[in-house]
Amino acid sequence: MSSATATSGTMAVDWEQRVDFDRLRHARLDRLRAQLERSELGAVLAFDFSNIRYMTATHIGTWAMDKLIRFSLLTRTGKPISWDFGSAARHHQLHNPWLMDGEPRARAGISTLRGAFHPDAGIAREVAAKIKRELDAQGLSGEPLGIDVVEPPVLFALQEAGIRVVDGQQVFMEARRIKTPDEITLLTHSAAMVDAAYEDLYEFLRPGVRENETVGLVAKKLYDLGSEYVEGVNAISGERCSPHPHVYSDRLIRPGDPAFFDILHSFNGYRTCYYRTFAVGSASVAQRDAYTRSREYMDRAIAAVKPGVTTADIVRLWPTAQEFGFADEEAAFGLQYGHGVGLSIWEKPIFSRLVSLEHPETIAEGMVFALETYWPSADGVGAARIEEEVVVTADGCEVITKFPAEQLLVAGGRRYYSVDGPMNLLRESQSHLKHPSGPRRTITPAQPS
């Protein structure tokens, strides 16, 4: 059987084993049920889009992600039930047989549209009544109900119905912590699509281009390749790199500018969080030094990843907030950072000096997470940002973000150039690498200016 990180086409075929979606659906539900059984909860109720998908394998479009209108229930003794828009529920009944064995478990029902319904319409009470009816039928009326996120009127209605509501987020997050082989394949393919987007972006990037134009270019490439949702393209250039604003603008990119990008999208639900940094036209000494620092911290972290080490072991390899100009770890949060990637871009485990030293989490085989490093340039203008996604293997990890990042690439010409001179084209430059970071280097970081 091929590696879970192998990539193939986007279609199912009869002549090759690729993603087995039926296996994926069963494996996710089995993991969620096992985590529920280990908890003290009688059931979990999901309003979060990703948790609903993990539980029920249903999807009605990314427009619904922030509406909190859909909800799904899993009890210790029953099968998932999904309430949705009437038309969506009918579609599930026709096309989701895993929700139609026995009594139909794809049903019409909506929440309060984040307050858009008149409070006196009784929608929140209807939601609570639906949930209570299922809990009573399965003898779970006295057991705590875990919820991931909820609108206050629905919370109050559930409590008024006599249901003890508790935090259910950890049940979902623990179930999603370790990825199945099919999930890893989907995450790898999602990253491969961003590899292609960076190829186009590198060729397009030059003085005179606006940040928002690069966002459009990347989004089109990803949608053309089959992305279901481009969650964001953070395009940051020039003096906007330090401090890092995490949002693109219409700024005109100039010669000598640093520019870094974070590309986040979804393929069959599975996300990417994938930074790369370029220099446009030329690279200053300060920008080269910043990139070297950021790359070294990344390489140290990747080299240390293996089952059994903890998030604390990794974050100790990174600088403190004060070393790169911040007052404390809360102020610097998200810059030297790591996070699980799956159906959402921030899952377990989290890597940060803010929490990981006091509350370490153990790294295990099958985890997929992103590691992010950042370093501001000494000239006070630019900065370097690098991110790699890794799959934890039995004896280390495999990097699945393949666009070259070992050296700072200078964009604006027809060939790839690094600060050390011309490079071969991408396909040639990667042919000999064990992973895209290339051979390890030993650099003793100097103190920041």
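Guide: In this predicted model, ring pairs join Tyr 198, Tyr 202, Phe 261, Tyr 274, Phe 278 and Phe 403 into a cluster.

Visitor: How many aromatic pairs does the structure hold?

Guide: The structure holds 18 aromatic pairs.

Visitor: Why is the pair of Tyr 198 and Phe 278 called tilted?

Guide: The ring centres of Tyr 198 and Phe 278 lie 6.2 Å apart, and pairing requires centres within 6.5 Å. Their planes stand at 55 degrees; stacked rings need under 30 degrees and edge-to-face rings over 60, so the pair is tilted. Tyr 198 belongs to helix α7 and Phe 278 to strand β10 (residues 274–280), so the pair ties together parts 80 residues apart in sequence.

Visitor: What makes Tyr 198 and Phe 278 count as buried?

Guide: Buried means under 20% relative accessible area. Tyr 198 has 0% and Phe 278 has 1%, so both are buried.

Visitor: Why is the pair of Phe 324 and Trp 375 called tilted?

Guide: The centres of the Phe 324 and Trp 375 rings are 5.8 Å apart and their planes meet at 40 degrees, so this pair is tilted. Phe 324 sits in the loop between α10 (311–315) and β11 (337–340), and Trp 375 in strand β13, 51 residues apart.

Visitor: Why is Leu 354 called partly exposed?

Guide: The relative accessibility of Leu 354 is 37%. Partly exposed covers values between the 20% limit for buried and the 50% limit for exposed, so Leu 354 is partly exposed. With Phe 333, Trp 346 and Val 355, Leu 354 makes a nonpolar surface patch of about 340 Å².

Definitions and conventions: Residues numbered from 1 in each chain as written. Predicted model: local features only at pLDDT ≥ 70, side-chain atom pairs only at ≥ 80, totals over all residues. Heavy atoms only, no water. Patch = residues over 30% accessible without salt bridge, like charges linked within 9 Å, V, L, I, M, F, W, Y side chains within 5 Å. Areas by Shrake-Rupley, 256 points an atom, 1.4 Å probe, with all protein chains shown as cover. Salt bridge = Lys/Arg side-chain N within 4 Å of Asp/Glu carboxyl O. Buried < 20%, exposed > 50% of the residue type's maximum accessible area, 1.4 Å probe, protein only. Phe/Tyr/Trp six-rings, centres within 6.5 Å; stacked < 30°, edge-to-face > 60°. Helix = DSSP H or I, 4+ residues; strand = E, 2+ residues; numbered from the N terminus.
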